[in-house]
Amino acid sequence: ITKRKLAIALALVILALLFTERPVFSVGWYVRPDGLLWGVLLSLYLSQVKDFISSGAKFTIPAKRLLFVALIIALILAPSILATSTTYLSTIGVISIISAALVAMCAADESLTPRGLTGSILAWLGSRSYALYLCHWPIYCIIRILIIPTNTTGQPLHLEAITFTLTWCLSCIALAEITYRYIETPLKAYGYRLALKKHYKKTPL
């Protein structure tokens with residue numbers, strides 16, 4: 001399959017998902033394939049996206065920053081606005097579009113991303129974000145039901161809440177790190193090797 005055909009297929013699936021109702025806790029709601037598909041689409045055309053944002057669109061630095069802030073505000077407000085509107089658009093689909101635009105802008109202009117310790121923390125969160133998202137709810141249920149049921153520790157409620165929150169956060173971070181190191185990273189390396197192998201087979205010596 002060619003790059004163009006793959007991009008068209010991805011765009012069609014993303015468009016279909018934008019108008020697909022996904023009930024809470026359904027597979028489509030929980031897995032949220034829109035974001036994954038946008039990631040593949042951006043990776044296919046990353047250089048073109050960078051050229052468009054950095055030079056082709058002739059955006060000034062203040063305009064880029066203003067658009068960046070506007071997209072973040074839209075990302076925050078979108079769920080509540082769409083929940084009370086009569087539109088047939090999927091909230092998850094709209095959020096994925098805004099998120100993809102933010103990722104594209106950051107990839108094209110490094111001045112939009114913080115540096116130093118803040119940048120390192122955000123980069124770590126970004127690389128583990130999907131694993132954190134997938135594991136946070138199961139871990140919440142396991143801790144709340146099996147490990148720290150409500151009002152059974154003998155602690156005051158505020159201390160119990162602190163204990164629960166710390167246990168939950170640390171468990172999510174640990175599982176996300178394990179998943180990233182031993183599942184995501186090996187799979188990415190395997191995919192990269194397959195892509196190189198396919199490329200060299202097509203390239204004449």
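Which residues in H5 meet which residues in H6? The first legend below answers this for a predicted model.

**Figure 1. Helices H5 and H6 in contact.** In this view, H5 covers residues 61-83 and H6 covers residues 91-108. From H5, the residues that take part are Lys-64, Leu-67, Phe-68, Leu-71, Ile-72, Ala-74, Leu-75, Ala-78, Pro-79 and Leu-82. They meet Thr-91, Val-94, Ile-95, Ile-98, Ser-99, Ala-101, Leu-102, Met-105 and Cys-106 of H6. Sorted by class, the contact of H5 with H6 holds 16 nonpolar, 2 polar and 1 charged residues. The axes of the two helices come within 10 Å and cross at roughly 165°. Angles over 145 degrees count as roughly antiparallel, and H5 and H6 are therefore roughly antiparallel to each other. The crossing in which H5 passes H6 is left-handed.

**Figure 2. The whole protein, for orientation.** The protein has 8 helices and 0 strands. Along the sequence, the pattern reads α-α-α-α-α-α-α-α. Of the 205 residues in the protein, 23% are buried. Among contacts in the protein with a separation of 6 or more, 71% come from residues 24 or more positions apart.

**Figure 3. Ser-90, in the loop between H5 and H6.** Is Ser-90 buried or exposed? Ser-90 counts as buried because its relative accessibility is 8%, and the cut-off for buried is under 20%. The side chain of Ser-90 reaches the backbone nitrogen of Ile-92 at 3.4 Å. Leaving out residues up to four places away in sequence, Ser-90 touches Leu-17, Leu-18, Thr-20 and Arg-22.

**Figure 4. Helix H3 packed with helix H6.** Two packed helices are described by the angle between their axes and the distance between the axes. For H3 and H6, the angle is about 30° and the axes are 9 Å apart. That makes H3 roughly parallel to H6, as angles under 35 degrees count as roughly parallel. H3 passes H6 in a right-handed crossing. On the H3 side, the contact has Asp-34, Gly-35, Trp-38 and Leu-42. On the H6 side, they meet Ile-92, Gly-93, Ser-96, Ile-97, Ala-100, Val-103 and Ala-104. The residues of this contact of H3 with H6 divide into 7 nonpolar, 3 polar and 1 charged.

**Figure 5. Helix H1 packed with helix H3.** H1 covers residues 3-18, and H3 covers residues 33-44. What is the angle at which H1 and H3 pack? The angle is about 155°, with the axes 10 Å apart. H1 and H3 are therefore roughly antiparallel to each other. The crossing of H1 past H3 is left-handed. Lys-3, Leu-6, Ala-7, Leu-10, Val-13, Ile-14 and Leu-17 belong to the H1 side of the contact. They meet Pro-33, Asp-34, Leu-37, Trp-38, Val-40, Leu-41 and Leu-44 in H3. By class, the contact of H1 with H3 has 12 nonpolar, no polar and 2 charged residues.

**Figure 6. Arg-32, in the loop between H2 and H3.** Helix H2 (27-31) and helix H3 (33-44) lie on the two sides of the loop that holds Arg-32. Most residues other than glycine have a negative phi. The phi of Arg-32 is near 55°, a positive value in a residue other than glycine. Arg-32 counts as partly exposed, because its relative accessibility is 26%. Leaving aside neighbours within four places in sequence, Arg-32 is in contact with Val-27, Ile-92 and Tyr-133. The side chains of Arg-32 and Tyr-133 are joined by a polar contact of 2.8 Å. Arg-32 and Ile-92 are 60 residues apart in sequence, yet their C-alpha atoms are 7.2 Å apart in space.

**Figure 7. Glu-177 in helix H8.** H8 covers residues 157-202. Glu-177 is buried because its relative accessible area is 15%, and the limit for buried is under 20%. Which residues does Glu-177 touch, not counting residues up to four places away in sequence? They are Trp-124 and Arg-128. With Trp-124, Glu-177 makes a polar contact of 3.1 Å, side chain to side chain.

Technical notes. Residues are numbered from 1 along each chain as its sequence is written. This is a predicted model: local features need pLDDT of at least 70, side-chain atom pairs count only at pLDDT 80 or more; totals for chains, interfaces and linings use all residues. Side-chain values use heavy atoms; hydrogens and water are left out. Helices (H or I, at least four residues) and strands (E, at least two) are DSSP runs, numbered from the N terminus. Buried means under 20% relative accessible area, exposed over 50%, partly exposed in between (1.4 Å probe, protein chains only). A polar contact is a pair of N or O atoms within 3.5 Å; within protein, one must be able to donate a hydrogen and the other to accept it, and residues adjacent in sequence count only if both atoms are side-chain atoms. Contact means heavy atoms within 4.5 Å. Axes are lines fitted to C-alpha atoms, for helices over the stretch in contact, and angles run from 0 to 180 degrees between N-to-C directions. Angles under 35 degrees count as roughly parallel, over 145 as roughly antiparallel, 65 to 115 as roughly perpendicular and the rest as oblique. A crossing is left-handed if the near helix is turned anticlockwise from the far one by less than a right angle, and right-handed if clockwise. Ala, Val, Leu, Ile, Met, Phe, Trp, Tyr, Cys and Pro count as nonpolar, Asp, Glu, Lys and Arg as charged, and the others, Gly among them, as polar.
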